[in-house]
Amino acid sequence: MIEMLLVLSIVAVLALMIIPSFYPVKARGQIAESLEIAEPLKDAITSQYQLLQSFPKDNEEAKLPQPGYLIGNYTASTNLENGALHIVLGNKIIKPLDGKTLSLRPITVIDSTQSPISWVCGYSGVPKGMQAASDNKTDIEKKFLPIKCR
């Protein structure tokens, strides 16, 4: 009986050690789904920049729904600010990420409005010779972010 309790306690300790390691993996999957929702929004912002040579300042100027209507399984709202999309995580997201923000920022070649637009996610750096359109408001621990956002 004692041996059986000892084995069960060892298994329980091992199980408790494994559970926290699943959080980052699960979080990255949930964040990746939130980023998919932003893809058509990025296209709309890029189109407006190419047409007017400036980024929209907010959802209304970009003719996007209000932030509270751009939601998903793991997204509570999506706010456009000076060309950047700030995704507020929520709904079914894991608890440590509830209310956290992930920024997607357009980047352009310095002094060249004709060059194509790229995007950076989260803490990803801006390449030399390019500039980001807005501030990064990401407040998520790097271990939870997909590789392209670190």
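**A loop residue and its surroundings**

A: Asn 82 is partly exposed, with a relative accessible area of 40%, where buried means under 20%, exposed over 50% and partly exposed anything in between, computed with a 1.4 Å probe on protein chains only. This is a predicted model, in which local features need a pLDDT of at least 70 and side-chain atom pairs count only at 80 or more, while totals for chains, interfaces and linings use all residues. Residues are numbered from 1 along each chain as its sequence is written, and side-chain values use heavy atoms, with hydrogens and water left out.

Asn 82 is found in the loop between strand 1 and strand 2; helices (H or I, at least four residues) and strands (E, at least two) are DSSP runs, numbered from the N terminus. The phi angle of Asn 82 is near 50 degrees, which is a positive value in a residue other than glycine. A positive phi is also found at Asp 111, near 60 degrees and again in a residue other than glycine. Asp 111 sits in the loop between strand 3 and strand 4 (118-121), and with 78% relative accessibility Asp 111 counts as exposed.

Glu 81 lies in strand 1 (residues 75-81) and Lys 137 in the segment after strand 5, so the pair ties together parts that are 56 residues apart in sequence. Glu 81 is partly exposed at 24% relative accessibility, and Lys 137 is partly exposed too, with a relative accessible area of 37%.

The segment after strand 5 (130-132) also holds Asn 136, which is partly exposed at a relative accessible area of 29%. A polar atom of the side chain of Asn 136 lies 2.8 Å from the backbone oxygen of Gly 122, and a polar contact of 2.7 Å joins the side chains of Asn 136 and Thr 138. A polar contact is a pair of N or O atoms within 3.5 Å; within protein, one must be able to donate a hydrogen and the other to accept it, and residues adjacent in sequence count only if both atoms are side-chain atoms. Leaving aside residues up to four places away in sequence, Asn 136 touches Ser 103, Arg 105, Gly 122 and Tyr 123, where contact means heavy atoms within 4.5 Å. Computed along the chain and through space by C-alpha atoms, Asn 136 and Thr 78 are 58 residues and 14 Å apart.Arg 105, touched by Asn 136, brings us to strand 3 (residues 101-109). The side chain of Arg 105 does reach the backbone oxygen of Ser 134, at 3.3 Å. Not counting residues up to four places away in sequence, the residues that Arg 105 touches include Ala 84, Trp 119, Val 126, Ser 134 and Asp 135.

A search of the whole structure finds 3 salt bridges. One of them joins the side chains of Glu 39 and Lys 42 at 3.1 Å, N to O; being 3 residues apart in helix 1, these two are separated by about one helical turn. Glu 39 is partly exposed, with a relative accessible area of 34%, whereas Lys 42 is buried at 13%. Another salt bridge, of 3.9 Å from N to O, brings together the side chains of Lys 143 and Glu 141.

How confident is the predictor in these parts? The chain averages a pLDDT of 92, and 98% of the residues score at least 70, pLDDT being the predictor's confidence in each residue, from 0 to 100. Confidence is highest in strand 2 (residues 84-89), at a mean of 98, and lowest in helix 1 (residues 2-52), at 87.

Methods. Salt bridge = Lys/Arg side-chain N within 4 Å of Asp/Glu carboxyl O.
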